[in-house]
Amino acid sequence: MKYNELRTPSYIIQEGKLRENLETLHNVEEKAGCKILLAQKAFSMYKTYPLISKYLSGTTASGIYEARLSHEEFGENKENHVFEPAYKSNEMKVLADICSHIYFNSISQLECHRKIWEPKVSKGLVKIALRINPEFSTQEGHEIYDPCSTGSRLGIRKCNLPKTLPSGVTGLHFHTLCEQGLQPLIDTFRSVEDNFPEYLETVSWINLGGGHHITKKDYDVNGLIDFIKEIKAKWNLEVYLEPGEAIALDAGTLITTVLDIVDTEDMPTLILDASAACHMPDVIEMPYTPPLFGALEEESEESDESEESDVKPNEGKSGVKLYKVRLASRTCLAGDVIGIYCLPEVPSVGDILTFGDMAIYSMVKNNTFNGMALPDIVLEHDSDLEDRFEIVKQFDYLDFKMRLS
Ligand SMILES: Cc1ncc(COP(=O)(O)O)c(C=O)c1O
C-alpha cells in the first residue's frame with residue numbers, strides 16, 4: 001500500500017526507527033552484560049515482536065493478559081517477567097506456567113501464592129523477586145508517574161521488609177523513573193545501596209525498572225554501560241532493565257484529517273478525526289503537547305501573550321510568518337484538545353496532519369469513548385516498494401459494540 005492510500009486516523013509504526021532503537025539497546029545488553037526487557041505496557045504491537053525478540057532478552061508484563069501475549073508472540077526461549085501489585089490465585093496458576101520471573105509487591109502476596117510458585121522454583125522454571133520502594137524520588141511534576149510519591153502502593157518500603165528475605169526470593173526490583181537520564185538512576189541506586197545493602201548481598205539478580213530514556217539523543221549510553229558493569233562487579237548481580245518508551249521512542253506517527261475549522265474567539269480551531277481522549281490519552285493524562293510535523297516554534301514572548309486573533313500571522317524564528325491554531329477532536333469533551341500549534345499556514349479542510357512519537361502509550365491506551373473509531377494500525381517497512389505501508393489491523397463498529405452489552 002502507498003502512503004496516499006491510507007485511511008485516517010492511523011498509527012503508522014516505522015520499522016526502521018524501531019530497529020535503530022533496538023540496536024542501541026542491544027548494544028547496551030552486549031557491552032554491559034545485562035538483559036533488557038520490553039515493558040509491554042508501553043508498546044504491545046505484537047506484529048513487531050519477532051523483530052524485537054531478535055534484539056532483546058524478553059518482556060515484562062503488568063498482568064496476565066500481557067504475560068500471555070508475550071508467551072504466545074514473543075518467542076519460546078525468551079524471558080517472560082510479570083509484576084502486578086496483587087494477583088488472583090487462578091491467574092497465578094497460569095502465570096507460574098508461562099512466566100520465567102514473577103515479582104511480588106508485598107510479603108503477604110508472596111506467601112499467599114507460595115504453594116503455586118514454589119514447586120516451579122524448585123524445578124528451576126521460575127525465579128521470584130520482591131519489588132522494593134526506595135522512597136527516593138527523582139522526578140518533579142508528574143506525581144501520578146512517581147512510584148516513590150507519598151502514599152505509593154508500589155514496592156515494599158524498607159520498614160516493611162523482614163530482616164532476611166523469605167525463602168525462594170532471589171531477585172530485587174525497583175521502578176522509580178519516568179523519561180529520565182542516567183544520573184537519576186545512579187542516585188536511586190546509591191540510595192538503594194545505602195538503605196538495602198543486606199538484601200543486595202543476598203540476591204543474585206536485580207531489575208532496575210523502566211523510565212530510562214536510553215534511545216533519546218542526549219542519553220549517556222556509555223555511562224549506563226559503565227554503571228551496569230560497576231553494579232555487576234560490586235554486588236555480583238545479574239542486571240535487568242525494563243524500558244518501555246525507549247524501545248519505540250519516535251518510532252510512530254498518528255495521521256489525521258482536518259474535518260472542519262471553527263472560528264473560536266482567539267484562534268481557528270481545527271476539528272480532527274483523531275482525539276486526544278481516545279487515541280492519545282497521555283496528552284490529557286500527563287499532560288503534554290505531542291509534536292506535530294511542520295509546526296514551528298514561536299519566537300517572541302510578545303506573540304505568546306498576544307490577545308489578538310492569531311489568524312493574523314506572527315513572526316516566527318528566522319522571520320517566517322506563523323499562524324496559531326488549536327487542534328481539537330470531534331468528541332463532545334470540551335477539553336479534548338491536542339494542543340495549540342504555530343504553522344506556516346492555516347490548514348484546510350481535508351488536509352492530513354501528522355503527530356509524532358505516537359508508538360508508545362498510544363494504541364495500548366486508546367478507547368472508543370463517544371463511539372470514536374479506533375485508528376488503523378500500519379507498519380511502515382524500510383523498503384521503497386509499493387507495499388511500503390502494511391495495514392496490520394483495521395477496526396470497525398463491532399470493536400466498539402463488542403466491549404458493551
Ligand atoms: C514497573 C514498570 N516497569 C517498566 C515501566 C516502563 O516505563 P517506561 O515506558 O517509562 O520506560 C513502567 C511504566 O510505568 C513500570 O511501571
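In this predicted model, an oxygen atom of the ligand lies 2.8 Å from a backbone N or O atom of Gly 244. Glu 245 also takes part through its backbone, with an N or O atom placed 2.9 Å from a ligand oxygen. His 175 contributes through its side chain instead, where an N or O atom is 3.4 Å from an oxygen atom of the ligand.

| Residue | Part of the residue (N or O atom) | Distance to a ligand oxygen atom |
|---|---|---|
| Gly 244 | backbone | 2.8 Å |
| Glu 245 | backbone | 2.9 Å |
| His 175 | side chain | 3.4 Å |

On its own, the ligand has 400 Å² of accessible area, of which the protein covers 86%.

The shell around the ligand consists of Ala 39, Lys 41, Ala 42, Arg 131, His 175, Gly 210, Gly 211, Glu 242, Pro 243, Gly 244, Glu 245 and Tyr 361. By residue class, this shell comprises four nonpolar, four polar and four charged members.

The fold also contains a barrel. Eight strands, taken in the order S2-S3-S4-S5-S6-S7-S8-S9, close into this barrel with parallel pairing. From one strand to the next, the twist averages 25°.

Strand S3, covering residues 58-61, runs parallel to strand S4, covering residues 79-83, and four bridges join the two. Within this pair, Thr 59 stands opposite Asn 80 of S4. Helix H3, formed by residues 64-73, lies across both S3 and S4 and runs at about 160° to S3.

Technical notes
Residues are numbered from 1 along each chain as its sequence is written. This is a predicted model: local features need pLDDT of at least 70, side-chain atom pairs count only at pLDDT 80 or more; totals for chains, interfaces and linings use all residues. Side-chain values use heavy atoms; hydrogens and water are left out. A residue is near a molecule or strand if one of its heavy atoms lies within 4 Å of it. A polar contact is a pair of N or O atoms within 3.5 Å; within protein, one must be able to donate a hydrogen and the other to accept it, and residues adjacent in sequence count only if both atoms are side-chain atoms. Accessible areas come from the Shrake-Rupley method with a 1.4 Å probe; for residues, only the protein chains shown count as cover. Ala, Val, Leu, Ile, Met, Phe, Trp, Tyr, Cys and Pro count as nonpolar, Asp, Glu, Lys and Arg as charged, and the others, Gly among them, as polar. Two strands pair if DSSP finds at least two bridges between them. Axes are lines fitted to C-alpha atoms, for helices over the stretch in contact, and angles run from 0 to 180 degrees between N-to-C directions. Contact means heavy atoms within 4.5 Å.
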